[in-house]
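Me: I am new to this structure. Can you walk me through how to read its features, one at a time?

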Amino acid sequence: KLQGGNNMKLHTLSRRTFCKLLSLGAIAGIGGAIPFMSTNTKTFASANTTPKSLIVYFSHSGNTKKIAQFIQETLNCDSFEVKPAKPYPTDYDTLVNLAREEKNNHFRPELAGTIPNTDTYQTIFVGYPSWWGTMPMPLFTFFEQINCSGKTIVPFTTHEGSRFGQSLRDLQTLCPDAVLLDGFETRGSRSANAKQDVQTWLKTINIAQ
């Protein structure tokens with residue numbers, strides 16, 4: 001059902017593939033240090049920096065937010081928290097039923113705040129809890145409103161057993177002309193202690209040193 005979470009499986013880009021992407025500019029450099037802000041608006045870079053990576057995440061319980069913070073602390077990139085204009089219920093059973101209904105009806109919730117201009121970002125991290133085996137519907141809304149062509153998409157998810165489910169296929173459908181890198185997945189119950197795992201993953205996919 002709704003799962004928010006430690007494993008780092010999926011495929012790893014070969015060195016040859018990575019070098020090719022690098023030469024094409026598909027894997028971006030990291031911008032200057034920017035404080036992490038938990039808001040539904042973009043954390044803006046300073047006037048003297050041009051960050052190339054953006055973390056986009058949806059977090060209902062706070063588990064996915066914690067992973068987003070670990071990535072941001074490691075890479076010093078911008079972040080944007082996706083929030084629906086109408087907040088989700090806090091009651092678990094009510095939330096489970098609503099999430100299932102939204103998925104079955106291909107519902108696209110209106111988002112709160114203003115979506116950042118993603119044109120200046122080459123790499124977009126996207127984080128989410130696993131809800132009914134895929135991303136929560138607000139992230140479908142987000143990706144249908146931006147152009148991912150030529151960008152690098154890096155997924156991460158929190159769950160309690162379902163891992164990525166079908167979300168990677170859904171991301172590829174939403175961003176058919178993007179490069180999808182190997183993602184990070186962890187159980188939501190372990191997310192607070194996953195910083196080292198996150199840093200190891202970023203090195204494995206050649207994003208961090």
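Me: Where is T118 placed?
Reply: This is a predicted model. In it, T118 lies in the loop between α3 and β4.

Me: Is T118 buried or partly exposed?
Reply: T118 has 4% relative accessibility, so it counts as buried. The cut-off for buried is under 20%.

Me: How far is T118 from I146, in sequence and in space?
Reply: Count along the chain, then go from C-alpha to C-alpha. T118 and I146 are 28 residues apart in sequence. In space, their C-alpha atoms are 7.0 Å apart.

Me: How far apart are G62 and T158 by the two counts?
Reply: Along the sequence, 96 residues separate G62 and T158. From C-alpha to C-alpha, G62 and T158 are 10.0 Å apart. G62 is in the loop between β2 (53-57) and α2. Its relative accessibility is 28%, so G62 counts as partly exposed.

Me: Let me step back to the whole protein. How many helices and strands does the secondary structure have?
Reply: There are six helices and seven strands. Read the elements in order from the N terminus: β-α-β-α-β-α-β-α-β-α-β-β-α.

Me: What share of the residues is buried?
Reply: Of the 209 residues in the protein, 48% are buried.

Me: Now helix packing. How are two packed helices described?
Reply: Two numbers do the work: the angle between the axes and the distance between the axes.

Me: What are the angle and the axis distance for α2 and α6?
Reply: Helix α2 covers residues 63-75, and helix α6 covers residues 195-204. They pack at an angle of about 55 degrees. Their axes are 9 Å apart. That angle makes α2 oblique to α6.

Me: Is the crossing of α2 and α6 left-handed or right-handed?
Reply: The α2 and α6 crossing is right-handed.

Me: On to charges. How many salt bridges does the structure hold?
Reply: It holds four salt bridges. Look for a side-chain nitrogen of Lys or Arg within 4 Å of a carboxyl oxygen of Asp or Glu. One of the pairs is E73 and K195, at 3.3 Å from N to O. This pair links distant parts of the chain, with E73 in helix α2 and K195 in helix α6, 122 residues apart.

Me: What are the relative accessible areas of E73 and K195?
Reply: E73 has 44%, so it is partly exposed. K195 has 35%, so it is partly exposed as well.

Me: Which residue forms a salt bridge with E144?
Reply: R108 does, with the closest N and O atoms 3.0 Å apart. This pair, too, links distant parts of the chain, 36 residues apart. E144 sits in the loop between α4 (137-143) and β5 (152-159). R108 sits in the loop between α3 (92-104) and β4 (123-131). E144 is partly exposed, at 45% relative accessible area. R108 is partly exposed, at 29%.

Me: What is the N to O distance in the salt bridge of E185 and R163?
Reply: It is 3.6 Å. E185 is in strand β7 (residues 184-187), and R163 is in the loop between β5 and α5 (167-174). The two are 22 residues apart. E185 has 1% relative accessibility, so it counts as buried. R163 has 34% relative accessible area, so it is partly exposed.

Me: Which side chain of opposite charge is nearest to E81?
Reply: K83 is, at 4.2 Å. A salt bridge needs a distance within 4 Å, so E81 has none.

Me: Which side chain does E81 join in a polar contact?
Reply: The side chain of Y57, with a contact of 3.3 Å.

Me: Last, the backbone. What is the phi of W132?
Reply: W132 has a phi near 50 degrees, a positive value in a residue other than glycine. W132 is in the loop between β4 and α4. At 23% relative accessibility, it counts as partly exposed.

Me: And what is the phi of N206?
Reply: N206 has a positive phi of about 65 degrees, although it is not a glycine. N206 lies in the segment after α6. With a relative accessible area of 32%, N206 is partly exposed.

Notes. Residues numbered from 1 in each chain as written. Predicted model: local features only at pLDDT ≥ 70, side-chain atom pairs only at ≥ 80, totals over all residues. Heavy atoms only, no water. Buried < 20%, exposed > 50% of the residue type's maximum accessible area, 1.4 Å probe, protein only. Lys, Arg positive; Asp, Glu negative; His and termini not counted. Polar contact = N/O pair within 3.5 Å; in protein donor to acceptor, adjacent residues only side chain to side chain. Axes fitted to C-alpha atoms, helices over the stretch in contact; angles between N-to-C directions. Helix = DSSP H or I, 4+ residues; strand = E, 2+ residues; numbered from the N terminus. Parallel < 35°, antiparallel > 145°, perpendicular 65-115°, else oblique. Left-handed = near helix turned anticlockwise from the far one by under 90°.
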